[in-house]
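Let's take a walk through this structure together, one part at a time. Keep the view open beside you as you read.

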Amino acid sequence: MKIRKGAMASATALLLVGSLAACGSDETPNSVVTDEAEVSAEEGLVIDGETIADQETYEAAKGQTLTLYTGYQEANQKVFNEAFTADTGIKVDFVRDVTNKLSERILSEHGAGRLPADVIITSDYKVASNYKDEGILETYTPATIEGQDDLLIDDGAFAKFANVAVTFAYNTQQVDEANAPTSWKDLLDSEYADKIGITSGTAGGSSIALNRFIQEEVDPDYWTKLAALNPTIYDSGGQRQEALARGELAVATAGTAAVNVAVTKDNAPIALVVPDEGLVLFSFFIGKVAESANSEAAQVFINYALSKRGQSVIAQVGDYGARPDVEPPVAVGEPLPALDSDQVWVMEPEAEVEYGPADADVWKAAFGR
Amino acid sequence: MTVLTRPPVQDPPAPPVTPAPAPEKPRTRSHTRIALQKLRREGFAMVLGTILFFLVILPLLYIVVAAFMTSVPRPGNTELGRFTLENFGILATEQGLQSLLNSLIVGVGSAFFALVIGAALAFIAARTDAPWQKFIYTAGIAPMFFPAIVGALAWSILGSPSSGHINLFLREIGIPWTFNVNSYVGLILVLSLYYAPYTFMLTYNSFSMMNSELEEAAAVHGAGLGRMFRTVTLPLAIPALAGAAILNFVLAVENFPVNAILGNPGGIETLPTYIYRLMVGDPQPNRAAAIAIALTLAVALVTWGQQRIVNRKRFTTLTGKGARPKRVPLRRMRWVATGFAICYFLLAVAMPFFALVFTSMSGSVYVTTFTDLFSRGFTFDRLAEAIGQTDFQQSTLNSIILGVLAAILGTALAFAASYVRFRTKSRLGESLEQVSMAPLAVPQIVLGMGILWAWLALPVSVYGTIIILVIATVAVNMPQAYRSVSSSMLQLDSDLENSARMLGAGRFRAIRNVTAPLMRTGIISTLLLLLMLGLREMSAILFLYTSNTRVLSILMFNSFENGSISYAAAISLVFVLIIAVLAIATQLIGIRERKHKNPTA
């Protein structure tokens with residue numbers, strides 16, 4: 001009797017869990033992407049008047065499922081993929097991981113001849129260039145940016161996909177708007193001592209870009225001065241932002257899209273700043289994998305990513321696109337400065353290789369790493 | 001007169017001595033026969049050895065190679081660079097030394113406190129007359145429902161210096177003190193709380209099986225409670241205590257999630273988080289491998305010491321023959337003892353649980369005062385949204401599949417290895433045991449990396465599927481499985497199986513009909529142990545998952561890294577629920593088994 005009772009209890013509990021899972025709402029579509037695109041599939045795929053793919057390619061692509069390996073922020077990538085699937089009908093399976101871990105995986109899988117990816121999105125020019133050198137990427141010029149050669153890198157091995165903005169934000173419960181910092185130099189104020197949050201300056205595209213920007217545009221001794229204020233160095237941007245929102249920090253470096261989502265969705269008490277010296281942008285690159293299984297789907301995806309529609313989806317998520325002819329993103333109700341304005345500083349891909357290690361050493365020396 | 005003489009007795013003629021025929025044929029037959037016998041005896045062990053080689057040794061070899069080379073032994077990398085000892089230089093850098101020091105501080109501190117807490121609770125539960133015995137026992141093992149990562153997350157919510165619930169409360173009632181969980185104290189506290197149950201379980205059995213005759217003898221000779229405890233009880237329990245302390249030390253030093261979640265904001269880096277940073281943040285995989293080797297060697301040394309002590313345990317701890325141990329009367333300290341258990345339960349289970357509940361169900365995610373926690377209303381919305389996510393549902397399913405497969409495979413392997421070791425004359429038995437126990441000395445995150453490199457290179461297409469997660473989980477938990485099955489197997493006398501074989505049963509039939517049924521409790525408890533460990537596995541599969549093979553623990557860690565604390569909290573709650581269901585099932589099966597064995601009890 002006891003056994004049966006016990007078994008029934010366990011079964012009931014498991015059923016409960018299962019039903020909770022089932023009765024939860026379907027994956028709520030992110031309300032961040034608000035507008036609908038005009039899709040026509042009569043003669044090839046045409047979205048908002050731009051030809052994304054010709055008839056033959058589109059027919060082949062429709063039956064395929066794209067496998068995407070991406071280093072782009074997961075929540076943003078999800079939204080983008082959903083818009084893509086909604087507009088084109090092509091499904092996307094994606095693996096998202098931090099750039100370096102993703103690189104290790106890609107290189108290992110490629111070495112074993114078992115790379116299932118069709119498209120790769122990554123930050124870090126050095127990493128992307130390495131993929132090209134290893135023969136992982138094949139040259140591909142997206143039809144939608146025909147003629148815009150400055151968006152193509154390394155002779156078309158990969159293209160710029162999005163530009164992510166790095167700036168700083170403050171906790172509105174700890175800092176008044178009137179006294180809020182307005183420039184990067186303001187962060188060196190002693191009133192923020194022990195209450196500043198940054199991420200490690202040795203990892204990833206955002207660090208490379210920020211380091212270079214600080215050296216070129218702000219103050220070569222910036223990191224040493226900041227180190228004197230004892231900032232907390234987080235392993236990930238997400239943790240840093242959460243700490244800022246919870247009030248563990250007064251100010252922190254931040255990504256515009258992430259702040260946008262946190263404020264609109266969760267009412268996080270944080271406010272974004274467009275600093276006087278400028279916003280810092282670093283690029284994500286997109287490339288087509290050589291001899292991939294779903295080549296046509298890959299072509300459609302990359303064309304879409306660099307079309308006006310695709311780029312506007314990125315902007316609606318809160319990041320800058322790669323194309324200058326697309327509206328800049330809106331963060332917490334305010335449009336950010338245009339891509340080609342002088343309040344926006346974009347990291348040159350090749351400069352990453354030239355200055356990256358030296359800049360990282362400066363950062364490491366300042367923080368005793 | 002004629003003398004009759006017998007004719008002299010002649011020795012019977014010696015039988016013709018024919019030289020023994022040159023035994024050409026029989027000699028060859030016996031050589032082959034011997035060889036075949038050896039194969040039969042060792043064949044199974046060799047197969048097992050090969051499996052364990054691919055599971056444990058090969059990944060380790062890749063790590064060792066990486067530590068001594070300048071480039072990474074990943075598949076497709078044709079040149080390994082050159083041999084170098086430079087990578088070990090990183091241990092001498094300021095960062096390396098600080099990480100080492102931090103690991104030692106945290107390891108020793110939490111080993112000590114986990115020992116004290118766990119042993120105290122075990123003694124109170126097993127040997128005293130404190131009230132609410134069942135509750136005390138539950139309090140001792142309940143924190144096992146909380147995987148370390150969940151505990152870390154919950155304590156991060158409870159103990160953050162500015163907005164942690166504890167600090168909000170202290171501020172509310174006007175106490176000017178702040179508890180900062182992102183500190184050495186915080187790390188040691190959380191690790192102690194969640195490793196104490198291991199100590200509890202190891203020492204509870206030891207205490208409850210103690211023969212009280214020795215203690216009674218001491219009492220008869222006039223020893224007071226304290227003296228008896230000091231001179232009789234404690235020394236008898238030392239093997240179990242020492243074994244538990246060393247186990248806790250090893251677990252604490254190897255722990256990754258607690259150090260990552262709580263240590264990072266406090267600037268405290270330990271060896272596992274340093275390794276992770278060198279694999280992921282600032283990629284220097286060869287240096288990471290070097291640190292991993294050093295850590296592994298240190299842990300191996302300590303583990304070897306533990307094995308020596310634990311093996312001696314068989315001879316010093318008395319078994320449960322004779323009278324049930326007498327309950328030590330505590331008199332005035334009765335309620336103090338129970339109070340201690342209540343405190344522990346609050347800190348380890350109740351408070352973290354409510355922190356998770358508040359975070360995932362409170363009306364607003366961000367609160368500034370303690371009363372906000374209650375005044376903003378409660379809603380199931382966020383919880384429902386979290387559960388409704390496809391990646392959540394898929395992760396739950398993956399977790400269950402992973403747990404079940406790892407449990408079955410791991411138990412089977414452990415049973416086979418244990419059987420070969422203790423029930424056959426195979427000379428490979430000891431080696432099999434050593435290889436099975438080896439993963440105890442290797443940080444899980446390191447083994448995971450080795451498995452990534454090793455198994456990608458093999459012509460078996462398991463990479464990217466859940467199978468490789470199963471492989472990693474089995475490899476990492478092999479020591480626990482082996483130990484669990486072995487202790488059961490050692491308790492079982494081999495006479496019964498031998499009788500079956502003498503009566504004509506083949507070995508497999510004997511196992512199936514005699515050994516396995518008799519070991520049923522042990523096998524089932526191993527299955528359930530591995531199921532629970534498999535569900536909680538995170539560090540070993542950190543490099544092996546893909547987005548469709550994510551499990552709940554990974555999903556939780558990812559969410560935390562992304563800053564989605566309320567999503568992470570929601571996942572944790574469901575996670576804890578699943579584990580609790582399993583634990584209850586374990587208890588019920590255990591009760592059933594006990595009834596099965598003692599129908600009158």
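Let's begin with chain B, whose domain assignment gives domain 1, made of 47-83 + 386-601, and domain 2, covering 85-379. Please keep in mind that everything here comes from a predicted model. Taken over C-alpha atoms, the centres of domain 1 of chain B and domain 2 of chain B are separated by 23 Å. Where the two meet, 34 residues of domain 1 of chain B and 32 residues of domain 2 of chain B take part in the contact.

Which helices of chain B build the side of domain 1 that touches domain 2? Helix 1 (24-68), helix 17 (444-457), helix 22 (552-561) and helix 23 (565-597) of chain B each bring at least two residues to that side. Helix 23 of chain B has the largest share, with 12 residues. Sorted by class, this side of domain 1 of chain B holds 27 nonpolar, six polar and one charged residues.

Now turn to chain A, which is also described by a domain assignment: domain 1 is 39-163 + 283-334, and domain 2 is 164-281 + 348-367. Here the centres of domain 1 of chain A and domain 2 of chain A lie 28 Å apart, again taken over C-alpha atoms. Their contact draws on 21 residues from domain 1 of chain A and 19 residues from domain 2 of chain A. On the domain 1 side of this contact in chain A, at least two residues each come from helix 3 (74-88), helix 4 (99-111), helix 5 (125-133), strand 9 (158-171) and strand 14 (279-289). By class, that side of domain 1 of chain A divides into 10 nonpolar, eight polar and three charged residues.

You can follow its pairings one by one. Strand 9 of chain A pairs with strand 14 of chain A in the antiparallel sense over seven bridges, and in strand 14 A:F285 is the bridge partner of A:K160. Strand 6 (residues 119-123) of chain A is also antiparallel to strand 14 of chain A, over five bridges; A:S123 has A:F284 in strand 14 as its bridge partner. Two bridges join strand 7 (residues 137-138) of chain A to strand 14 of chain A, in the antiparallel sense, and A:E138 stands opposite A:K288 of strand 14. Strand 18 (residues 344-346) of chain A, by contrast, pairs with strand 14 of chain A in the parallel sense over three bridges, with A:W345 of strand 18 as the bridge partner of A:V280.

Notes. Residues are numbered from 1 along each chain as its sequence is written. Chains are lettered from A and ligands numbered from 1 in the order in which they are written. This is a predicted model: local features need pLDDT of at least 70, side-chain atom pairs count only at pLDDT 80 or more; totals for chains, interfaces and linings use all residues. Domain bounds come from an automatic or database domain assignment. Two residues are in contact if their C-beta atoms, placed from the backbone, lie within 7 Å. Helices (H or I, at least four residues) and strands (E, at least two) are DSSP runs, numbered from the N terminus. Ala, Val, Leu, Ile, Met, Phe, Trp, Tyr, Cys and Pro count as nonpolar, Asp, Glu, Lys and Arg as charged, and the others, Gly among them, as polar. Two strands pair if DSSP finds at least two bridges between them.
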